[in-house]
Amino acid sequence: MTSPIRPSALGASAAVTAFVLDQATKAMAIANTEILAAGLPVAPGFNLVLHRNTGVSFGMLDNVPPLALVALALIIIVWLAVLTFRAERSGDAAGYGLILGGALGNVADRLRLGGVTDFLDFYIGEAHWPAFNLADSAIFCGVVVLLLWPRRHVQRRTDAI
C-alpha cells in the first residue's frame, strides 16, 4: 500500500515544476528574440512577444532599484517556503508552491537579466493586456487555489451534515 503524498512534498513539487517550466519557456523566448521582437501572431487575440519588465506587475515600481525588488522578493520567498512546508492540507501546499515557484522564476530573471522576461500577449482589438509569463501564471493559479480550496473543504463539510 502506498502512502499518500505529504502536503510539503506536493508543495515542493509544484514549486519546482512552476520554476522549471517558467525558465524553460523564457529561455525559448530569449532564443527567438529576432522573431518575437515585432510580435508573432499565434491565434486571434494572442501573440508571442519579447518584453523585459524592470518593474513589478503591470510595470509598477519601474523606478525602484532592482536590488530592492530582489530583496523584497527574497523575503517573500522565504515566507512562502515556510508556509509551503508548514501547510497541513495539500491544496494549501500546492497553492503556496505555485506562488513560490513563480516568484523564484521572476527573481532568477531579475538577478540574471536585470528584469523579468515576459512573452505572452493577449488582446482584444487594439486593447492589449500587459505581457506576462508562466511564472506570473503560476502565481495567479496559486492564489486561485488558495482562495478556492478552503471553500471546497467547507462545502464538503456542509454537505456531510
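Predicted model: local features only at pLDDT ≥ 70, side-chain atom pairs only at ≥ 80, totals over all residues.
I take buried as under 20% relative accessible area, exposed as over 50%, and partly exposed as in between (1.4 Å probe, protein chains only).

Residues are numbered from 1 along each chain as its sequence is written, and side-chain values use heavy atoms, with hydrogens and water left out.

Entry on α3. I took helices (H or I, at least four residues) and strands (E, at least two) as DSSP runs, numbered from the N terminus. Helix α3 covers residues 66-86, 21 residues in total. From first C-alpha to last it reaches 30 Å, close to the 30 Å expected at 1.5 Å a residue; the expected span is 1.5 Å times one less than the number of residues.

I looked up which residues of α3 are buried and found L69, V70, A73, I77, L80 and T84. Down the axis of α3 these fall within an arc of 90°, so they line one face of the helix; the arc is that of the directions from the helix axis to the C-beta atoms. The face turned away from the buried side carries the exposed L67, I75, V78, W79 and R86. The cover over the buried residues of α3 includes α1 (7-31) and α4 (90-113), with contact meaning heavy atoms within 4.5 Å.

Entry on the strands. I count two strands as paired if DSSP finds at least two bridges between them. Strands β2 (46-53) and β3 (116-124) run antiparallel, joined by 6 bridges; R52 has T117 in β3 as its bridge partner. β3 also pairs with β4 (127-128) in the antiparallel sense, over 2 bridges, and A127 in β4 is the bridge partner of I124. I noted that β3 and β4 form a hairpin with 2 residues between them. In that turn, G125 has a positive phi of about 60°.
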